[in-house]
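This report is meant for a reader who is meeting the model for the first time. Please keep the sequence and the 3D view open while reading the sections that follow.

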Amino acid sequence: MGCMNSTPENSDANGKIEDELKQLDQVRESRYKLLLLGAGESGKSTMLRHMRQIHGQPFSQEELMDALPHIRKNIIESMRALAIYSEILADEGQDTRVSKENEELRRKIAKINDRDPFGSEEYEMFQQLWNDKGIQRTLEFRHRFQIIDTAEYLFANMKRISEIGYIPTFEDLLHSRKRSTGIHDVIFRLKGKNNKVTEIFQVYDVGGQRSERKKWVALFDNCDAIIFVAALSGFNQTLWEDNRQNNMKEALALFQQIINMDEFKNSHAILFLNKNDLFTEKIKKFKLSDYLEDFKGRDYHYEDAIQFIQQSFASLRNDPSKLIYGHITCATDPKNVKAMFDSMRNIVVRQELSQAGFV
Ligand SMILES: Nc1nc2c(ncn2[C@@H]2O[C@H](COP(=O)(O)OP(=O)(O)O)[C@@H](O)[C@H]2O)c(=O)[nH]1
Ligand SMILES: [Mg+2]
């Protein structure tokens, strides 16, 4: 600056350029890399989609349309699982058999292909079976087989979803399930007071199933934070890819590997214990001690269970001085996602300030 022969206009322009450069410099300083990690079905992709919808670029109609085949497939898979397990459980002596009038329909749906269309005819059949008490009782045993956690939402909306010209809403997208493969990232450009970008967050989402985990290593360098997501409601479920392994035990074992990695020595560790909505209902009906043998607290007791689960995760770090920021979350609840995003931002930015000697 200070160019002697500059006219007022171009001195203004210089000022502007300098401002922009300064801003760019700041942005460069405030770029953060965050990794979402955790077992399959814990809610990583749902969290990231929801954060994107609220704080980033909302989903376009085209992107919502991409979810359509998955949403319909989710409904078919769920109803088929209920049709199959209603009989298996009934043969074990449970009160899950469908009425005589619905038996033929049940058999038909038990054999349906998940690539079949889902239109008005299928909707009528599914609705009739869904109304059967035996099917509703089968759903109470959902921890015994694989069925999407949001099946009730999808069944409640299946008429609309079956219609010609149906366009998925963002809410539908949130309640759908598409197994993630590979690595996806979302960039958040966060603005400060004067509407200028002050921070850039790049958040990576990965596939959580065992076969996907070898791809994670490529992302491990220079992470500002790792966000580990575990499903609280998984305590009485088994894995999609291995029905002998308890879902929460898998999450604990995976967390132990991740939290003690040299690559993450200087990264912040955030633990999102997710699906609290499902957990709150589940813990009233199932004994935690039946699944996590070391639990000595009161069964059917929410606080005792949460405290035990949090401690189980925290006790896995080799370095007890490593801070783990824990949150109880529900990735389908917008208020909760806002709070999650804010706390994530605080944790990561505070770290940056403390390194620069500000706090
Ligand atoms: N009820 C409920 N469902 C959730 C929650 N988080 C995710 N889901 C559902 O759980 C399923 C798996 O979530 P997803 O984000 O694909 O898991 P990922 O494999 O970790 O990416 C989807 O059907 C989501 O709609 C939650 O907090 N509550
Ligand atoms: Mg995913």
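Serine 78 counts as buried, at 3% relative accessibility, where buried means under 20% relative accessible area, exposed means over 50%, and partly exposed lies in between, with a 1.4 Å probe and protein chains only. Serine 78 is found in helix H4, which covers residues 68-91; helices (H or I, at least four residues) and strands (E, at least two) are DSSP runs, numbered from the N terminus. The C-alpha atom of serine 78 is separated by 9.8 Å from that of leucine 139, although the two residues are 61 residues apart along the chain.

## How the model is described

This is a predicted model, in which local features need pLDDT of at least 70 and side-chain atom pairs count only at pLDDT 80 or more, while totals for chains, interfaces and linings use all residues. Residues are numbered from 1 along each chain as its sequence is written, chains are lettered from A and ligands numbered from 1 in the order in which they are written, and side-chain values use heavy atoms, with hydrogens and water left out.

## The surroundings of ligand 1

Ligand 1 is surrounded by 21 residues, of which the closest are Glu41, Lys44, Thr46, Leu174 and Arg177; a residue is near a molecule if one of its heavy atoms lies within 4 Å of it. Sorted by class, this shell has 6 nonpolar, 10 polar and 5 charged residues, where Ala, Val, Leu, Ile, Met, Phe, Trp, Tyr, Cys and Pro count as nonpolar, Asp, Glu, Lys and Arg as charged, and the others, Gly among them, as polar. Helix H2 (44-55) and helix H12 (276-282) each supply at least two residues of the shell, and the largest share, 3 residues, comes from H2. Because domain 1 (34-59 + 180-346) and domain 2 (68-174) both give residues to the shell, ligand 1 lies between them; the domain bounds come from an automatic or database domain assignment.

An oxygen atom of the ligand is 2.8 Å from an N or O atom in the side chain of lysine 44, and a nitrogen atom of the ligand lies 3.1 Å from a polar side-chain atom of asparagine 274. Taken alone, ligand 1 exposes 570 Å², and the protein buries 97% of that; accessible areas come from the Shrake-Rupley method with a 1.4 Å probe, and for residues only the protein chains shown count as cover.

## The magnesium ion

Which residues coordinate the magnesium ion, ligand 2? The ion is coordinated by Ser45 (OG) and Ser180 (OG), at 2.0 to 2.1 Å. This pair links distant parts of the chain, with serine 45 in helix H2 and serine 180 in the loop between helix H10 (170-174) and strand E2 (183-191), 135 residues apart. Donors here are N, O and S atoms within 2.8 Å of the metal (3.2 Å for Na, K and Ca), and water is not among the atoms, so sites may look incomplete. Serine 45 is buried, with a relative accessible area of 16%, and serine 180 is buried as well, at 13%.

## Polar contacts between side chains

Arginine 298 is found in the loop between H12 and helix H13 (302-314), and its side chain is joined to that of aspartate 304 by a polar contact of 2.9 Å. A polar contact is a pair of N or O atoms within 3.5 Å; within protein, one must be able to donate a hydrogen and the other to accept it, and residues adjacent in sequence count only if both atoms are side-chain atoms. Aspartate 304 has its place in helix H13 and counts as buried, at 16% relative accessibility. Arginine 298 also has a polar contact of 3.5 Å with the side chain of histidine 301.

Glutamine 202 lies in strand E3, residues 197-206, and counts as buried at 16% relative accessibility. Its side chain makes polar contacts with the side chains of aspartate 185 (2.6 Å) and tyrosine 204 (3.4 Å).

## Two residues with positive phi

Asparagine 222 is not a glycine, yet it has a positive phi of about 50 degrees; it is found in the loop between E3 and strand E4 (225-231) and is exposed, with a relative accessible area of 69%. Lysine 275, likewise not a glycine, has a positive phi of about 60 degrees. Lysine 275 lies in the loop between strand E5 (268-274) and H12, and is buried, with a relative accessible area of 13%.
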